[in-house]
Amino acid sequence: MGFKCGIVGLPNVGKSTLFNAMTQTAAAEAANFPFCTIEPNVGRVGVPDARLDVIAKIGGSASIIPTQLEFVDIAGLVRGASKGEGLGNQFLANIREVDAIIKVVRCFDDENVTHVEGKVDPIRDAETIETELMLADMESLEKRVTALGKKAKGGDKDAKQTLDTVERVLKVLEGGQPARTVDISDDDQKAFDMLQLLTSKPILFVCNVDEDSAADGNAMSARVAEMAAAQGAGSVVISAKIEEEVSQLDSDEDKQEFLETLGLEETGLTRVIRAGYELLSLITFFTVGPKEARAWTVIKGSKAPQAAGVIHSDFERGFIKAETMAYADYVDLGGEQPCKDAGKMRQEGKEYVVQDGDIMLFRFNV
């Protein structure tokens, strides 16, 4: 089960620098000119989770494998992308494939780094991105109306339901609001999801600030945070330049020492990854043994068989039960056997809803 966050923004806002630091590679060329990222670059990053180290130590695990998120660095968008300006069509096609959108906005002044609009204004930039995505969604929906109308008149119930949903969403888009603001019922959710709308995806704003503002942000990032809160979205402050410098240090000790000299407790990337994880409503469960301690990702609300299926499809198909321990019990009691002895290892069935931090062992038969 892969979860993708698309990193988008206008040219020269720090997207590729952020991506490079995040994946600790130079896969995405960071250069001071538009469209330096022609093809979407994809990188997987481990989700920081201190619990994994703790259970690995208790379980005597030989290796530690964190859960991962996938980040996609997508070519810079410009005004008019919905009509094919710049690399618009390619941009829009790539962004349809992601589960959530990280909008990087520039919150720093630097005369040596050009801005495609001629002046730094993160609110305007964010609105430009949203407008282009809404225009693309409107065009996509308008193309469907005629065909859906014919099918609906012919008695196709699914087509009528989809048409009703399309018309509702179009009305909202025409009113200047993204598709994610539409109140969709459980009955209409499937039809809505199949529309694959760009503005239906959850949003996280990443404010790229100057190095001196990395700890607390600045006036520009404060405006973005206010806008994000009004939209029910999250926001994170980072300095992509600092993140790039940190990523080039060899040891965790060197990285931590460097951060402390700047008054930072953790990297901005850690906050971005954590926020992206929360944005997608994801939780973590663990498996632990002598060979490895491993973190796995499921959507909040997933049941035990679905969690088993993340490990292997056979586990879900032949699911019998899940032997489950809470993280706190595993740590407080000192491992699997003590949990069994204390009656803290539970036998859970197909209806069990996985909780964040569960340590699980699946029984199955295929």
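Predicted model: local features only at pLDDT ≥ 70, side-chain atom pairs only at ≥ 80, totals over all residues.
Colleague: What share of the residues counts as buried?
Modeller: Buried means under 20% relative accessible area, exposed over 50%, and partly exposed in between (1.4 Å probe, protein chains only). The protein has 366 residues. The buried share is 48%.

Colleague: Which strands pair with β1, and in which sense?
Modeller: Two strands pair if DSSP finds at least two bridges between them. β1 (residues 4-8) has 4 of its 5 residues buried. G6 has V72 of β4 as its bridge partner, and I7 stands opposite I102 in β5. With 4 bridges to β4 and 4 to β5 (residues 100-107), the sense is parallel.

Colleague: In what sense do β2 and β4 pair?
Modeller: β2 (residues 41-46) and β4 (residues 68-73) share 6 bridges. The sense is antiparallel.

Colleague: Which residues make up the covered face of β2?
Modeller: In a regular strand the side chains alternate between the two faces of the sheet. The uncovered face of β2 holds V42, R44 and G46. The covered face holds N41, G43 and V45.

Colleague: Are α8 and α9 roughly parallel or roughly antiparallel?
Modeller: Axes are lines fitted to C-alpha atoms, for helices over the stretch in contact, and angles run from 0 to 180 degrees between N-to-C directions. The axes of α8 (residues 240-247) and α9 (residues 252-261) come within 9 Å and cross at roughly 150°. Angles under 35 degrees count as roughly parallel, over 145 as roughly antiparallel, 65 to 115 as roughly perpendicular and the rest as oblique. The pair is therefore roughly antiparallel.

Colleague: Which residues make the contact of α8 with α9?
Modeller: Contact means heavy atoms within 4.5 Å. From α8 come I242, E245 and V246. From α9 come K255, F258 and L259.

Colleague: How do α1 and α8 pack, and what is the hand of their crossing?
Modeller: The axes of α1 (residues 15-23) and α8 lie 8 Å apart at an angle of about 30°. That makes α1 roughly parallel to α8. T17, L18 and A21 in α1 meet A240, E243, E244 and S247 in α8. A crossing is left-handed if the near helix is turned anticlockwise from the far one by less than a right angle, and right-handed if clockwise; this one is left-handed.

Colleague: Which elements do the buried residues of α11 pack against?
Modeller: In α11 (residues 304-311), the buried residues are A304, P305, A307, A308 and V310. They pack against β8 (282-288), β9 (292-299), α12 (313-317), β10 (319-325) and β12 (359-364).

Colleague: What separates the C-alpha atoms of N94 and G6?
Modeller: N94 is found in α3 (residues 88-95) and is buried, with a relative accessible area of 19%. N94 and G6 are 88 residues apart along the chain. Their C-alpha atoms are separated by 8.5 Å.

Note on methods. Residues numbered from 1 in each chain as written. Heavy atoms only, no water. Helix = DSSP H or I, 4+ residues; strand = E, 2+ residues; numbered from the N terminus.
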